[in-house]
Amino acid sequence: SAAPANKLVQTTCPYCGVGCGVDVLQRGGMTGTLSELKGSTEHPANFGRLCIKGTHLLETLDGNKRLLQPVVFGQPASWDDAIGVIAAKMAAIIEQHGPDAVAIYGSGQLLTEDYYVANKLMKGFIGTANIDTNSRLCMSSAVVAHKRAFGEDIVPCNYEDLEHTDLLILTGSNAAWTHPVLYQRIERAKLRNPDMKVVVVDPRKTDSTAIADLHIALKPGTDAVLFCGLLNFLANNNALDEAFIAASTHGFAETLAAAFEWPMARVAEVCDVAEAELVTLFNWFATLPRAITFFSMGINQSTSGVDKGNAIINCHLATGKIGKEGSGPFSITGQPNAMGGREVGGLSNMLAAHMDIDNPAHHATVKQFWNAPNLITKPGLRAVDMFQAAADGKVKCIWIMATNPVASMPNRALVEAALKQCELVIVSDTAAQTDTLNYAHIALPATGWSEKNGTVTNSERRISRQRGLVAPMGEAKHDWEILSLVGQALGFEDAFNYAHPAEIFAEHCALTAANNNGSRALDLGPLADLSVAQYDNLRPQQWPLNETHRIGTERLFADGSFYTPNRKANFVAITPRLATQQTSAEYPFVLNTGRIRDQWHTMTRTGNAPRLLKHIDRPWLSVHPLDAQALAVKDGDLLKAEAACSGEVEVILPVKIDDKQRRGEVFAPFHWSATWGSHAKVGALLNGANDALSGQPELKHGAIRLSPV
Ligand code: SF4
C-alpha cells in the first residue's frame, strides 16, 4: 500500500508556561520521521514565534539517551512483570502500613490526562492524597494567593493584555530567559507604544532589564514590603477606585491599616533602594490607566510567597486594575502544564476540577462521579514533607514521574536519604540516566514529547493539544497508560479501563461541569462529549467554556464578580516577612538560583542538543567583584559552596565575576547535576524551608559560605 502522505501537524512546545504552538512536518506517518519544525502562526500564544529551546526540539530526541525497557531490580524486564511486581509490592505496603505509606511525586511536564489518572488512582482508589508534583516548586504560592483573593485559582489576564497596557511591572521574573516569547511580545508592544512603561523589580540585573524604563534592584526577599508601600502610597495619593472597592471587594480597611505601616522612607530603607525610584514606580501605578504585574518564581519560591502574591493582588484590587484589558496581576507559570495539573487536582491539597477536599458537597460530587471506594478526606504530603516522611520511614513506596528530584529539589541530602530509606522507589522517565534513576528499584520507560498525546494548559488558561507525532521509542508507554495498568492490577479494572486519552479528557471535562452551576470558573462542559476525531482536532482555547462562554473566555472578572461565596474579591492584610535562610557570620552570602536561557530543568532533554550548549555550556557562580577580591579568586577559579544543610554533598562552582548582583549576593543556575559530571549540585545548598500556606520552598534565598578550592 502507498506510504502515508507527509503532513504538517500542530503540537505544543513541552517546556515553559508560555505554551507555544509548534508545527512539525510528519513524514511517513507515525513510524516515519519529523522535520521542518516551526512556530505555529495560528497559535495565539506565539503567532509563529519560538525561542531557541523550542526551535531545537527535534535535536533533543536522541534515542541513545532514552530509557527503552522496564528495569526491575537492576534487570531488564517485561511490562507484565514490572506491573506485576509494582502492584504486588504496593498492595503489600498498603496492607501493612495503610495507603499513606504510598506516594507519587509527579511533574508539570505530565499532560493533563496523565495527571488526571494519577490523581484519580491515588485520591479515589488507593485512598491517599500523597500525590504532589514539582509544580509545588513552581506556582503553588500563586495558587493559594489566587484562592484567598478570588475564591478560586484563577489567572484573570491573557497574553494580549501585555500589548494593551500602560505599565508593565516584571517582578521576580527574568522573562527574557525564562519566557522568551512573551518577553519578545513585550518588547514589540513597547516599540509600538514608546509611552508604555516597563519596570523590572529584581535584585539582579538580567537580560530582562534591557527594556526597562526603571530597574529597582531591591534587597532579596523584600517584594511584599514594596507592594505594601505601593498600597499605602495609592491611598495617600487619591488613587483608589472607591466604587470598585465598595461594590466588588471585601476586607479593605484591615488591609490598608496594615499597609499604613509602610511609609515611603521605611520601604526604601528595608528594600534598600532609592526613594526616588519608588516614587517613580508608585506614581506610574497611581496615574497610568492600565497596569499589569507579571510575577513568577522570584515571588513564588519564598517562605512568604503567598503573602507576596496577595500584596500584589491587593494593589490591583484597590485601583480596579483587574478584569479590564491591559490590567491585572498575571502569574506566569514555569512549566508547560502547571496549570493543567491544577485543573485536575494535581497537588496534595486539592481534590479535582478545582474542588476542595474539605467541602462536603465537592467531596460528594467527586465520590459519586468516580464511584470511588476510598475517596480521601484529608490533604496529603507536600513535596518537601513527602521526602521528609520517606526519610522518616513513614512513606515506604514512592513513584517519581517525569521529574528528577535528586537534582531539582532543595536539600539534596534529605532527598537522597529518603530514597535510600524507601522499600520501593519507582521512577518513570524518558531518560536512561538521571541523578534520581540511581535510586530506582524499578525504572519505567515513559513516552516523551513527539510521542505523547494529550492536552496542556498554559499561563493564560489556554488548553492546547500536544499531539503524538511518532510511535513510542522502544517499549516506552504513556504515563496515563502505565498508571491505568497499575490501577487495574490493583483490582480497579473498571475505573482505569482507558483506551485513548480522549476518553480521559472527556471524563475530566464532565467532572468540571458536575454540580457546577457557575459556582466554579473552571468549566469545560462543552468539551465533555468530544469524539476522538474532535479531540484530535481540538484547537487552542481558554477556559471557562460553558453555556455563556461557548468559545472560551479571554479575561475573567470583567463584570466585577469573583468566585467567593459572596462574589466579592478578598483583600488580604499583609505583614511582610523576610526570608528564613538568613545570612550569618558563618554563612555570609545570600544564594539566588534560577534558569538560563537555553536549558530546561535538569537538562535531560535540552542537554542532548549541542546547539543549546553553545550559549552557556557549564555551570557557574556569579560573584560581585569586591566579593571576588575578598575571596582572592579570579574568573574561572573554583569555589566550594557550603550551607548548614549541605552535609556530605560537595558543591563546587567556577567563579564568574560580574556586578549584576549586589555585594554579598551570589547567583547560580540550577540545571547541572551529577549526571553531567558536575559538582554544581546547587539544590544541596537550600534547606527546603517552605511557605506554611503553600508548601513552596524558598529557592531564591539561601545562606552559604564560600572558600577557594
Ligand atoms: Fe517553548 Fe517557552 Fe520557548 Fe515558547 S517560549 S518555544 S513554550 S520554551
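**Around the ligand**

I began with the shell around the ligand, and I noted that α1 (52-55) and α6 (180-192) each supply at least two residues of it. The model I am reading is a predicted one, and I keep that in mind for every entry here.

I then asked which residues come nearest to the ligand. Of the 14 residues around the ligand, I found that C13, C16, C20, C51 and G54 are the ones that come nearest. When I sorted the shell by class, I counted nine nonpolar residues, four polar ones and one charged residue.

Next I asked why the ligand lies between two domains. I found that residues of the shell are given both by domain 1 (7-65) and by domain 3 (140-332 + 566-570), and therefore the ligand lies between these domains.

**Domain 2 against domain 4**

I turned to the domain assignment, where domain 2 is listed as 71-134 + 345-452 + 471-499 and domain 4 as 589-708. Taken over C-alpha atoms, the centres of domain 2 and domain 4 are separated by 30 Å. I recorded that 16 residues from domain 2 and 22 residues from domain 4 take part in the contact.

On the side of domain 2 that touches domain 4, I noted α16 (383-391), α17 (405-408) and α18 (412-421) as the elements giving two or more residues. The largest share of that side, three residues, comes from α18.

Technical notes
Residues are numbered from 1 along each chain as its sequence is written. This is a predicted model: local features need pLDDT of at least 70, side-chain atom pairs count only at pLDDT 80 or more; totals for chains, interfaces and linings use all residues. Domain bounds come from an automatic or database domain assignment. Two residues are in contact if their C-beta atoms, placed from the backbone, lie within 7 Å. Helices (H or I, at least four residues) and strands (E, at least two) are DSSP runs, numbered from the N terminus. A residue is near a molecule or strand if its C-beta atom, placed from the backbone, lies within 6 Å of it. Ala, Val, Leu, Ile, Met, Phe, Trp, Tyr, Cys and Pro count as nonpolar, Asp, Glu, Lys and Arg as charged, and the others, Gly among them, as polar.
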